[in-house]
Structure formats: structure tokens, C-alpha cells
Amino acid sequence: MIAQRPPLTPGTSPAPRPAYDQAAADLIASLEADPWGRVRPSVYETARVLSFLPDLAGTAQRIDWLLDGQHPDGSFGEGPAPHRLLPTLSAAEALLRLLVVSPAPDLPLARTAAAVARALSVIPALAGAGPAPDTAAIQILIPELTARIDDLLASAGDHLPGSSGWPCARLGPLPGFDPALPRRVGAKAAARGALPFKLRHTFEGIARHCEGALVPAVTGLVGSSPAATAAAGALSPRPADRSAAVSLLSTIAARYGGLFPEAAPIRTFERLWSAAALARTGLPAAAADTALTWALADRHPEGVRGAPDLAPDADDTAMTVLLCAQLGQPWSPEALARFDNGAYYDCYLGEDTSSITANAHALHAWTHWLNTPDALGHPAARAAPIERLRDWLLGRQQPEGHWGDKWHASPYYATSRTVTALASIPRAPRIEAALQAAGRWMRDSQRADGSWGVWSGTAEETAYAASVILLAAGTAGPSPRMRTQLAAAARFLDEAGADPLHHHPALWHDKTLYAPQAMIDAEILATRETLRRLRIGPQTAY
């Protein structure tokens with residue numbers, strides 16, 4: 001029982017702070033009340049559901065939302081051009097399919113055809129705008145959508161309902177993408193007789209190259225993805241799968257205004273990370289009890305899953321270890337062992353590219369656990385990979401002083417996570433040098449309005465940057481110049497916090513960009529409270 005545990009000294013508020021405590025408690029309570037997660041609808045996912053299940057209730061609403069969200073240049077989605085390529089392909093394919101294959105009676109033909117033409121015309125420029133981002137299965141999803149669009153264009157011939165000046169030129173293979181890869185991946189799965197678990201989340205990318213038993217049964221959201229679920233429901237040879245997909249997707253559509261997020265539900269991921277951020281500055285007792293209940297429920301010897309039908313991963317496992325230690329109920333990091341490849345931790349089994357932040361989280365979790373009574377005499381403590389993770393992270397710092405990562409578009413996020421981990425172990429000369437280099441890079445990259453940001457100044461990235469400057473300063477505390485910069489950051493954060501309509505730009509990587517809003521709010525709240533305690537910046541209420 002929670003009530004029988006020892007006092008939660010490490011992660012609870014050390015003294016009454018009514019404004020912060022109330023804000024933290026409200027955020028935790030909002031997460032407890034929401035079984036799905038605070039993320040915005042995704043152009044990519046919504047368009048995939050529209051394409052695979054055009055008869056799902058709410059189609060007209062989804063069409064209008066897509067058409068209303070098209071940018072003046074014809075593209076869709078958030079971020080710079082390379083990030084908009086995949087959502088633009090997804091929206092173009094879905095709208096084109098409606099025109100060619102299954103036009104609804106109330107489909108605005110001329111508007112839809114014009115939107116498709118504009119999207120197709122901008123795709124070559126998006127594809128040539130720079131390197132593709134390291135997002136989930138992008139090397140599969142982009143050539144698959146390109147091929148589906150070209151197949152539809154071929155079947156449309158010389159006429160498309162509602163169009164003038166048709167036909168559009170076929171896209172052909174886009175540079176940097178192998179058009180045969182989706183088919184090869186499907187063939188490889190067929191040869192082994194089973195779909196690899198890691199492909200469930202992006203199943204829609206190989207769905208038409210899978211048959212029979214390779215199509216996942218829809219017993220829940222396939223890969224915690226609306227798009228993958230729609231593909232499985234549409235193509236499964238089992239009639240019950242289509243009914244199940246329609247039922248599940250209807251439930252999600254009701255939560256997200258008829259639209260679909262990048263992944264669902266993100267409850268575990270969102271709750272763990274938000275609570276761990278707030279625990280840095282202390283949680284009020286009731287909120288700490290709620291957070292501990294989440295962490296205890298998520299623990300599993302094979303690791304923690306960020307969402308129900310995703311594979312267990314080192315990132316969420318490490319965050320659970322960290323949160324349990326923060327809240328005074330340690331859980332041994334032994335569950336991380338299955339992700340250890342001998343040099344660092346794979347984020348999940350079968351990973352193709354390593355994650356800086358997953359290993360930073362693992363190091364941070366280990367150091368927190370090693371400082372708990374649970375670690376005394378524990379066999380795992382003797383095998384703690386502190387030096388190995390430290391060296392691996394230090395070896396990946398960029399010459400300018402920052403780190404980058406595949407799970408986030410911004411180096412401010414990866415640098416904050418890595419500096420937090422390195423600052424949790426003794427500051428030997430190599431570590432001190434790395435922290436000072438990171439601090440200098442942060443100080444030198446602040447914008448004129450007091451913010452930080454990779455594309456534009458954001459409250460999220462400003463919170464990360466402020467934490468790096470404070471950690472790099474160490475026990476000496478921030479210098480006068482640092483305090484001036486941090487005061488400007490505090491004013492920027494206060495202004496963002498005072499705006500109830502503040503929009504957090506999507507910076508996180510899944511298949512496309514997304515913004516886990518509660519987690520971002522938690523990071524900002526924790527940073528604002530830290531600055532307030534140091535008497536830096538305006539001392540305004542939350």
C-alpha cells in the first residue's frame with residue numbers, strides 16, 4: 001500500500017510552495033484523468049486512416065481538417081521542409097485516393113483536386129531540401145507512399161474528378177529512398193513466417209506486401225498506432241479485425257475531435273516523464289503518491305513499454321528506475337540488462353541507430369539508484385556500467401559542445417539530458433570540460449528575446465537551455481552574465497506560461513514531428529520553479 005511506504009523525502013516538496021505545488025498537482029491530476037495523452041492530431045496518421053478506412057464515421061471532418069491545414073506552398077505538417085515530406089505524401093495520397101477510388105457524395109471535388117495538385121507539385125522540392133530526418137521507418141514509409149501515389153495517378157489516366165489541367169506528372173522514386181525496400185521488408189517477414197514486433201508500429205508501410213497471417217490481429221491498437229490499426233483492419237483476411245479496428249479508431253476519434261494522433265495512448269510515456277521532471281523540484285505529497293502508483297504499475301522485469309503495443313525500451317525503463325528512486329521506492333536497474341549490447345544500451349531490441357538520450361537517461365537512472373539504500377550490497381551495483389556509459393556519451397559530444405539525438409529535432413533537448421546525466425556523477429576533469437563546453441554553447445546560442453531554439457525560440461528549448469547553464473555552473477552558481485541570460489529566459493518562460501493559448505511547436509520524433517504537451521509543460525514548470533528559488537527573473541505566480 002502506498003500509505004505504508006517511507007516518507008517520500010527525495011521527490012516531494014521540502015517546504016510549502018503553494019503556487020508551484022498547486023500547478024504541479026494540477027498537472028499530475030490532469031494526467032491521471034486522461035487515459036490517452038495530450039498530443040495534437042497528426043496529419044500523417046489522420047490521412048492514413050482516411051486512406052485505409054474512408055467509410056469510418058467522420059470522413060468529412062477529416063477531409064476538411066486536412067484541406068484547411070495545407071500550407072500556402074502546398075505542403076502539410078510541421079517543421080522545416082524535410083520534416084514536411086512524409087505528412088505531405090500521406091495527405092496527398094489519401095485525398096487522391098478519395099478522388100480516384102471512392103469519392104464521397106459530399107466531397108468538395110474542385111478544392112480537393114487543387115489541394116492534391118499543389119501537394120504533388122511541392123513534393124520534389126521537399127525531397128530535395130536536405131537530409132531526411134531520422135524518424136521512425138522513414139526509409140519504408142516514403143517510398144511506399146510515393147509508389148501508392150504513382151499507382152493512383154496511373155489509374156486516373158487523363159481525367160481526375162474536379163480537376164483542370166490534369167494529369168500531374170508521376171513522382172517516380174524520390175532521391176535518397178529505395179523504392180524496393182517496402183516490398184523487400186514484406187518479403188523478408190513472409191520468409192520468416194512472422195512480422196517482427198518492431199514493425200507493428202509502422203505496419204501501414206508494408207501492409208500491401210503482407211498477406212494472411214502476417215497481417216496483425218486487431219486485438220488492440222496495432223503498434224499503438226491509428227495508421228497501423230487502420231491498415232490491419234482494412235487488409236486483414238479476418239472480418240473481425242475490420243470491426244475491431246473501426247471500434248477502436250472510433251473511440252480515439254471521439255477523444256481527438258474526429259482526428260488521430262501519432263501514437264495512442266501515450267499514457268505511460270507521458271506520465272513517467274512528466275512526473276520525473278516535476279520530481280526534480282519536488283512534488284506535493286498527493287501528486288507524489290499518484291506518480292509512484294504509475295511507476296509501480298509500469299515496472300516489469302523485461303522492461304517498460306512507452307505505449308501498450310510498443311516493444312519494451314531502455315528509455316522508458318530508465319525513466320521508471322529514475323522516478324522510483326526520486327520518490328523513495330527504488331527499483332533495481334536490472335531490467336536494463338536486456339538492452340545492453342556491450343558498448344551502450346540499445347533503445348529497443350533490433351534498433352538500427354543508437355540513441356544518445358536513452359543512454360543519458362540510463363546513466364542518470366543508475367546514479368540515482370546507486371544513491372539509495374536499495375543499492376547497498378545489491379549484486380547489480382557491482383556491475384553498474386557508469387564508466388562505460390560516461391565514456392560513450394563523452395565520445396559523442398559535438399565539437400561545438402552540444403549533443404543530438406534521433407528522438408528529438410533539437411540539440412537543446414539532447415544536450416540537457418546528457419548534461420543532467422553527466423552532472424550526476426563526480427565531476428572528473430573530462431566531465432568538467434564537457435559540461436563547460438556545453439554551457440558555453442548554450443550561452444552563445446541564446447536569441448535576442450531570451451529564448452533558445454533550433455528553428456525558432458520555444459519555451460520547451462528555453463527550459464532545457466536554462467537547466468544546462470545551471471548544471472554547468474555547478475556549486476559555484478551562475479556568474480553575473482549567466483544570471484542576466486537566465487533572467488531573460490525566465491521572462492520568456494513567464495510570458496509563454498501566461499498565455500493560455502501558447503502553442504508548443506512539434507519537435508519530438510516518431511513517424512513525423514509531434515509535441516507531448518504535458519511533458520513539455522512539466523519541464524517548463526520545473527525550470528521556472530528552479531529559477532524562482534534562485535531569485536532569477538520575475539517572481540510572478542504560475
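How many Å separate the centres of domain 1 and domain 3, taken over C-alpha atoms? The answer is 36 Å.

## What you're looking at

This is a predicted model, where local features need pLDDT of at least 70, side-chain atom pairs count only at pLDDT 80 or more, and totals for chains, interfaces and linings use all residues. Residues are numbered from 1 along each chain as its sequence is written, and side-chain values use heavy atoms, with hydrogens and water left out.

## The domains and where two of them touch

The protein splits into domain 1 (43-256), domain 2 (267-396) and domain 3 (405-541); those bounds come from an automatic or database domain assignment. Domain 1 puts 18 residues in contact with eleven residues of domain 3, contact meaning heavy atoms within 4.5 Å.

Between them, domain 1 and domain 3 bury about 1000 Å², with 60% of that on carbon and sulfur atoms. On the domain 1 side, E78, H83 and D134 lose the most area to domain 3, and together they make up 44% of what that side buries. (Buried area is the accessible area, with a 1.4 Å probe, that two parts lose on being put together, summed over both.)

## The annotated stretch

UniProt, in an unreviewed entry, places "domain: Squalene cyclase C-terminal" at residues 383-466. Positions are in the numbering used here, the feature name is shortened, and such annotations may be inferred rather than shown by experiment. Over residues 383-466 the chain is 54% helix and 0% strand, and the end C-alpha atoms sit 34 Å apart. Helices (H or I, at least four residues) and strands (E, at least two) are DSSP runs, numbered from the N terminus.

## A helix pair: α16 and α18

Helix α16 (residues 411-422) and helix α18 (residues 459-473) have axes that come within 9 Å and cross at roughly 30 degrees. Axes here are lines fitted to C-alpha atoms, for helices over the stretch in contact, with angles running from 0 to 180 degrees between N-to-C directions.

From α16, Y412, Y413, T415, S416, V419 and T420 meet E461, Y464, A465, S467, V468 and L471 of α18.

Look at the loop between α9 (239-255) and α10 (267-279), where you'll find P265. A264 and P265 are joined by a cis peptide bond, with omega about -15 degrees.

The other spot is A137, in the loop between α5 (109-127) and α6 (138-156). A137 isn't a glycine, yet has a positive phi of about 55 degrees.
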